[in-house]
Amino acid sequence: MSSSVTVPIEAELAKDAVTPRRRRARGGDPSDTRRTNWWATALIAVCSLTVIIPLYLAVSVALKTPDQLVSGTGFELPWPLNWNNFAVAWERTDFPRVLLNTAIITVGSVVFTLLTSSLVAYALARNMHRPFFKGVFYYLLAALFIPFPIIMLPLVKQTALLGLDNPAGMIILYTIYGLSLNIFIYTAFIRSIPIELEEAARMDGASTWRVFRQIVFPLLMPMNATVGILTCVWAWNDFIMPLVVLTSPADRTLSLAQYVFQGQYNTDYTVAFASYLMAMAPLLIVYIFSQRWVISGVMRGSIK
């Protein structure tokens with residue numbers, strides 16, 4: 001008698017266990033996190049058009065002749081392809097020289113920014129209980145609210161007097177002007193690192209510099225990735241600061257080299273867009289090769 005009752009009960013339990021699984025497969029369970037959020041997907045698709053459409057126009061115009069550009073709306077596929085625009089842009093902008101100048105300024109700015117900003121942020125984060133260090137921290141944060149055009153003219157005068165109107169001066173300026181935001185990013189992360197790690201190292205005889213170099217700085221890799229990317233994009237694409245600081249035509253960067261296509265009455269759009277793509281390509285290649293490291297750094301930062 002007991003066995004006859006047990007069999008239907010087991011059948012009901014098996015049926016209840018299968019039913020939610022079928023519901024999840026049909027997308028009927030609202031608590032299932034694997035469901036597709038179509039509203040978010042549609043929003044992402046629309047936002048991606050703001051990048052895809054201008055990029056398509058840039059590539060399309062760069063591969064057209066001036067006659068093809070004038071006769072159409074700009075959205076037509078270029079045919080035949082005019083690769084000569086890239087050769088003209090290479091010669092007219094002196095691309096190897098300006099690429100080398102931009103690369104030197106960008107790499108130097110990233111290296112010096114990572115070294116100086118992390119070190120200053122470590123000193124401030126571990127001494128925030130002292131009034132002097134707290135005052136320095138808020139003083140540096142206040143620089144975020146000063147627009148660059150306000151200090152542009154005094155900056156031009158100072159760089160000329162100090163002989164910093166060259167790529168070396170640009171590296172120093174990018175390092176200094178990025179200090180405020182970078183310290184704000186670094187300080188919050190450093191304060192989340194357990195101080196017990198540093199105390200254990202000091203008990204073993206490690207100095208403050210050794211603690212920072214061997215313990216703190218390796219833990220800053222997620223923030224180093226963030227700060228490095230921000231500085232790299234800023235130094236590579238900046239136009240205003242090189243325009244007002246650099247005085248020698250031999251020191252001009254990629255952004256300044258685009259000036260050669262701007263005439264008094266017209267603009268050579270096909271060659272100019274080819275030059276824009278050439279200037280964008282190195283930074284895009286760097287990001288493609290460092291994408292995995294960047295994403296892993298961000299993920300470790302979120303877990304931290």
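Is Asp94 buried, exposed or partly exposed? With a relative accessible area of 33%, Asp94 is partly exposed (buried means under 20% relative accessible area, exposed over 50%, partly exposed in between, with a 1.4 Å probe and protein chains only). The model is a predicted one, in which local features need pLDDT of at least 70, side-chain atom pairs count only at pLDDT 80 or more, and totals for chains, interfaces and linings use all residues. Residues are numbered from 1 along each chain as its sequence is written, and side-chain values use heavy atoms, with hydrogens and water left out.

Asp94 has a partner: Arg97 forms a salt bridge with it, with the closest N and O atoms 3.3 Å apart (a salt bridge is a side-chain nitrogen of Lys or Arg within 4 Å of a carboxyl oxygen of Asp or Glu). Arg97 is partly exposed too, at 46% relative accessibility. The count of salt bridges by this rule comes to three.

Next comes Arg126, whose salt bridge with Glu198 has its closest N and O atoms 2.8 Å apart. This pair ties together distant parts of the chain, since Arg126 is in the loop between α5 and α6 (131-142) and Glu198 is in helix α10 (residues 196-203), 72 residues apart (helices, H or I with at least four residues, and strands, E with at least two, are DSSP runs numbered from the N terminus). Glu198 counts as buried because its relative accessibility is 1%. Glu198 also meets Arg202 in a salt bridge, at 3.7 Å from N to O. Glu198 and Arg202 are four residues apart in helix α10, so about one helical turn separates them. Arg202 is partly exposed, with a relative accessible area of 35%. Through shared partners, salt bridges join Arg126, Glu198 and Arg202 into one network.

Now for the helix packing. Helix α5 (residues 95-125) packs against helix α11 (residues 208-219) at an angle of about 110°, with their axes 12 Å apart (axes are lines fitted to C-alpha atoms, for helices over the stretch in contact, and angles run from 0 to 180 degrees between N-to-C directions). The two helices are therefore roughly perpendicular to each other (65 to 115 degrees; under 35 counts as roughly parallel, over 145 as roughly antiparallel and the rest as oblique). On the α5 side, the contact is made by Leu114, Ser118, Leu119 and Tyr122, and on the α11 side by Thr208, Trp209, Val211, Phe212, Val216 and Phe217 (contact means heavy atoms within 4.5 Å).
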